[in-house]
Amino acid sequence: HSVSTGALLGKSKAGQGVEVFTLSVCGDELFMTGGKNHVKFWSLPNPKSPGGEFSSKCGIYSIAEIRSKTIVSSAFLGTDAVTGMSDGMIVLWKDRYTTKHCRAHYGPVTAMNSIDGDTGGIDTKEQGPRVVTAGDDGFVHTWDIQLHKMWTLDLNSTTPKSVNPQIQAVVVRENRLVLGTKASEIYEVSLLNNNDTYRIVQGHFSTREEVAGLAI
């Protein structure tokens, strides 16, 4: 649907019985979906045919060494998609073909986010678009367009210490990174200084820490 008018722009089905675990958008006309044994690249229908079907192409795993075909997160690195796999690998796609892959995390790559090449406030030595990955292992990394690792944060050893550093969500705004953990925590971290870390939300986690009572 159009954000401004609410008009239906197009529709389509991902497939029969398909579980879609992630969806990422590139610009105004392209997006991709991923899941278990599922990856498709979609484009909007012709504007002259409102309500038409989205056109899509299935992704092709052209690298034989990629074992896991379950995509759990995704983002765009410029105009190329990057997918986070259930086995901790990240995969770079050109059009709909895999071009590179590398190990990013030990455990599923649970969250990803794009950093535009013109994002202000970040070290000017890092040029071009980047992507942020986060995983069940409690690590956060940034990668350049060649999948070279640029920056790392280990939430297992930060202060204040996380109750459970398995990361579930991540987003970047200028030079600040915000992430959510499995323990109902929200951390804010500077991409310029790993020691500049704040826990801005702390929740209740595990069966022994339920809320038993409240008073005003």
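This is a predicted model: local features need pLDDT of at least 70, side-chain atom pairs count only at pLDDT 80 or more; totals for chains, interfaces and linings use all residues.
Reader: Which elements should I look for, helices or strands?

Author: Strands: the chain has 18 of them and 0 helices.

Reader: Let's take a sheet. In what order do the strands E7, E8, E9 and E10 stand?

Author: The order is E7-E8-E9-E10, in an open sheet with antiparallel pairing. E7 and strand E10 (97-103) are at the edges with a single partner strand each, so one side of each has no neighbour in the sheet. From one strand to the next, the twist averages 25 degrees.

Reader: How many bridges join these strands to one another?

Author: Go pair by pair. Strand E7 (residues 71-77) and E8 are joined by 6 bridges, and Ser 73 stands opposite Gly 84 in E8. Between E8 and strand E9 (residues 89-94) there are 3 bridges, with Gly 84 facing Ile 90 in E9. Then 6 bridges join E9 to E10, where Leu 92 has Lys 100 as its bridge partner.

Reader: What lies between E7 and E8, and between E8 and E9?

Author: Each of these pairs forms a hairpin. E7 and E8 have 2 residues between them, and Gly 78 in that turn has a positive phi of about 70 degrees. E8 and E9 have 3 residues between them, and there Gly 88 has a positive phi of about 95 degrees.

Reader: How do I read which way the side chains of a strand point?

Author: Here's the general idea: in a regular strand, side chains alternate between the two faces of the sheet. Now try E8. Asp 80, Val 82 and Gly 84 point one way, while Ala 81, Thr 83 and Met 85 point the other way.

Reader: Are those E8 residues buried or exposed?

Author: All are buried, whichever way they point. Strand E8 (residues 80-85) is mostly covered, with 6 of its 6 residues buried.

Reader: Which strands make up the sheet that starts with E2?

Author: That open sheet has 4 strands in the order E2-E3-E4-E6, paired antiparallel. Strand E2 (20-26) and strand E6 (55-58) are at the edges; each has a single partner strand, so one side of each is left without a neighbour in the sheet. On average, neighbouring strands here are turned by 20 degrees against each other, direction ignored. For a pair to look at, take strand E4 (residues 38-43) and E6, which run antiparallel and are joined by 4 bridges. One of the pairings to find is Trp 42 with its bridge partner Ser 56 in E6.

Reader: What about the inside? How do I read a nonpolar core?

Author: In general, nonpolar side chains tend to be buried together in soluble globular proteins. In this chain, the largest nonpolar core has 16 residues, and among those with the most contacts inside it are Val 132, Trp 151 and Leu 179. Strands that each supply at least two residues include strand E11 (111-115), strand E14 (149-154) and E17. E15 gives the most, with 3 residues. Another core lies apart from it and has 13 residues, including Cys 26, Ala 81, Met 85 and Val 91.

Reader: What does Trp 151 touch?

Author: Beyond its neighbours within four places in sequence, Trp 151 is in contact with several residues, among them Val 140, Leu 177, Val 189 and Ser 190.

Reader: Is Ser 190 buried or exposed, then?

Author: Ser 190 counts as buried because its relative accessibility is 4%, and the cut-off for buried is under 20%. You'll find Ser 190 in strand E17 (residues 186-190). A polar atom of the Ser 190 side chain lies 3.1 Å from the backbone nitrogen of Leu 192. Leaving aside neighbours within four places in sequence, the contacts of Ser 190 include Asn 175, Arg 176 and Asp 196.

How values were computed. Residues are numbered from 1 along each chain as its sequence is written. Side-chain values use heavy atoms; hydrogens and water are left out. Buried means under 20% relative accessible area, exposed over 50%, partly exposed in between (1.4 Å probe, protein chains only). A polar contact is a pair of N or O atoms within 3.5 Å; within protein, one must be able to donate a hydrogen and the other to accept it, and residues adjacent in sequence count only if both atoms are side-chain atoms. Contact means heavy atoms within 4.5 Å. Two strands pair if DSSP finds at least two bridges between them. Axes are lines fitted to C-alpha atoms, for helices over the stretch in contact, and angles run from 0 to 180 degrees between N-to-C directions. A nonpolar core is a set of buried Ala, Val, Leu, Ile, Met, Phe, Trp, Tyr and Cys residues joined through side-chain atoms within 4.5 Å.
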